[in-house]
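Subject: Structure for you to look at

Hello,

I am passing on the structure we talked about.

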Amino acid sequence: MNRSQFDLAVGAFVALGILALLFLALKVGNLAGFDTGTAYVIEARFDNIGGIKVRAPVKSAGVVVGRVESISLDGETYEAVARLRISSAFRFSKDTIATILTSGLLGEQYIGLESGGVPEYLAQGDRVMKTQSAMVLEKLISQFLFNKAAETPGQTK
Amino acid sequence: MSERQDIIRIENVRFAYGERTILDDLSLTIRRGEIVAIMGASGGGKTTLLGLIGGRLTPSVGRVFVEDQNVPTLSKSALYALRRRIGMLFQFGALFTDLSVFENVAFPYREQTDLSEDMIRTLVLMKLEAVGLRGAAHLMPSELSGGMARRVALARAVTLDPSIMLYDEPFTGLDPISVGIIGRLIKRLNAALGMTSIIVTHDLNETLRLADRVVVLSAGKVYCDLAPDDIRVSTDPFIRQFADGLPDGPVPFHYPARDYVGDLLAS
Amino acid sequence: MKADPISLLTSLGHAVTSRLDRLGLAARFAFAVFRVLGVVFLRFGLIIRELYFSGVRSLSIVIVSGLFVGMVLAVQGYEVLQRYGSTEALGVIVALSLVRELGPVVSALLFAGRASSAVTAEIGLMRATDQLAAMDMMAVDPLARVIAPRFLAAIFSLPLLAALFSAAGVCGAWIIGVKLIGIDDGAFWSQMQASVDVRIDIVNGVLKSIVFGVAVGLISVFEGFFAVPTAEGVSTATTRTVVTSSLAVLLLDLVLTVMMFRGLN
């Protein structure tokens, strides 16, 4: 085998490998998506953030518009502070409502944004004023039982 | 002026592998243009001596001067500069098995010089012609006989026209014809290229025909340093045992052991 | 062998010190190899040859293995996912397993068996037949001429092979999942793309395989370079390369996975 045959085979190998990397990045991963594009970060405060994790999707009308960038706890108000990275392609009004939702019964949790009617838009660093916290199953159950007990006094013997 | 004639000067060298002392307070001087044969029992430090001269081994005590440079103290680049003037033929040739005969001989040119491809081709064919194997240039080392491989290795060792040639058992494992060919090539190259040759060998007959001096090592020291004619007529029991191939003598046949009968009856 | 406490302690001590000795030797060897790496970049032709023997020759086994691993993952993944009625997540599961773990790890293990063992045997044989000594006596540094190109070839080859393994695996899963089982093609890819992050998953996977390349490459040249120069010594060294490389890859994978992915979800 001479030198140029080595070069050809190795060249083909490297090209194939780079092609595989591109395939992974573009077809398997979401490099083609907006993650690398310009974006702005807004802040949303929740009483309870539930099962939301960093990188959880932020959706509006079911369409992914951004991701959760970081989650922290405000030491004074004991609120969960989620910073949401939103693609610059989408604008949301100042009175947008952020809600913690679950896709399907057992699916992942995500943050839903519902735009309001004010003609001013959220910009980098702004805070979402209205939020709705995650529903915690234990609380729902105990509330349900509590209500049940309150509804039917005296029926128990 | 006579100082300048000493191309290699080994002074009071000691070398040991762990506990085992190989060379002990050995001194030896080799003059320019000589063919010196180093003989001695197997494991007696002959190959070690070549390692010291080539700078592949470092003595624990003593100095090794090659062309007035103290080899053990040289930096890597200085050592490599010195080695360009030293050729070495390894015991079984040590040809690069993944390169053809031609590429093996061309290797030092490609690595050490900026010669053009045409120039390298000419030089390689000249070297191969000198060992009679120009026709085998396209063969791979695995296709060569032992004697041919040794000749290719010899051609490779002299590619850069070294001033010193080290031969590590060049005759081992060869048929008598090949031994004769290699012996004659060593002698001819030494004269033609003005080299100094050091040959580590067991082949006494070929050595006596070839060498200017025969150095016999024993117990890590120079036992004797004689001209070939003096070896032939020597009455020293050690030299006679060597020259005549006697199984027992100063070099004992038996490895040191307990009393034979006692050992047999021990169980 | 007597089992009195003193001799047991002695043999334990010997086992520890001899391993530490070898580790120290390996560290010094690695340092010496890194020092000559720069020289090798000037002569890229040397690396090309090694890329051929290490990389190109490993292509078929890596791609075929990747394809089959992806197919098996699809069958098993589908079996579990259909219990929860979320079979369209098959692409996600297969892609994440491959890109994060199986691609880098399995291709490194295959590489250790296919290419590294051959490198060890080749270098060991060169040593046993004095080729390395001859080179050294010709004032050519065997570390730069023989060792470094083989080491670099492993570092260059493995990320490419790992990417090919993962890509082949995803294709294998697609064949089983979409073509044979009948999962929706759009859901398969879109769910995958929504969950596989280029930086976190793919770049980390590539980083892993580069680290594995360094480890596997270094082990193979080290074992070859310090092989006992006999037929038995070379065969022992070859076996050690495969065993040590495999263990090193799995151990490094654990460390890297903890460093890269812990606390992420």
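What pattern does chain A follow when read along the sequence? The order is α-β-β-β-β-β-β-β-β-α, in a model that is predicted. That makes two helices and eight strands for chain A.

Some totals for chain A come next. The chain has 157 residues, and 32% of them count as buried. Its accessible surface is about 9,700 Å², and carbon and sulfur atoms account for 59% of that area. As for contacts with a separation of 6 or more, 62% of those in chain A are between residues 24 or more positions apart.

Where is D236(B) found? The residue sits in the loop that runs between α8 (228–233) and α9 (237–244) of chain B. D236(B) counts as partly exposed because its relative accessibility is 22%, and partly exposed covers the range between under 20% (buried) and over 50% (exposed).

Which backbone nitrogens have a polar atom of the D236(B) side chain at 2.9 Å or 3.2 Å? The backbone nitrogen of F238(B) is the one at 2.9 Å, and that of I239(B) lies at 3.2 Å.

One distance to finish: D236(B) and I10(B) are 226 residues apart along the chain, and 25 Å separates their C-alpha atoms.

Regards

Conventions:
Residues are numbered from 1 along each chain as its sequence is written. Chains are lettered from A and ligands numbered from 1 in the order in which they are written. This is a predicted model: local features need pLDDT of at least 70, side-chain atom pairs count only at pLDDT 80 or more; totals for chains, interfaces and linings use all residues. Side-chain values use heavy atoms; hydrogens and water are left out. Helices (H or I, at least four residues) and strands (E, at least two) are DSSP runs, numbered from the N terminus. Buried means under 20% relative accessible area, exposed over 50%, partly exposed in between (1.4 Å probe, protein chains only). A polar contact is a pair of N or O atoms within 3.5 Å; within protein, one must be able to donate a hydrogen and the other to accept it, and residues adjacent in sequence count only if both atoms are side-chain atoms. Contact means heavy atoms within 4.5 Å. Accessible areas come from the Shrake-Rupley method with a 1.4 Å probe; for residues, only the protein chains shown count as cover.
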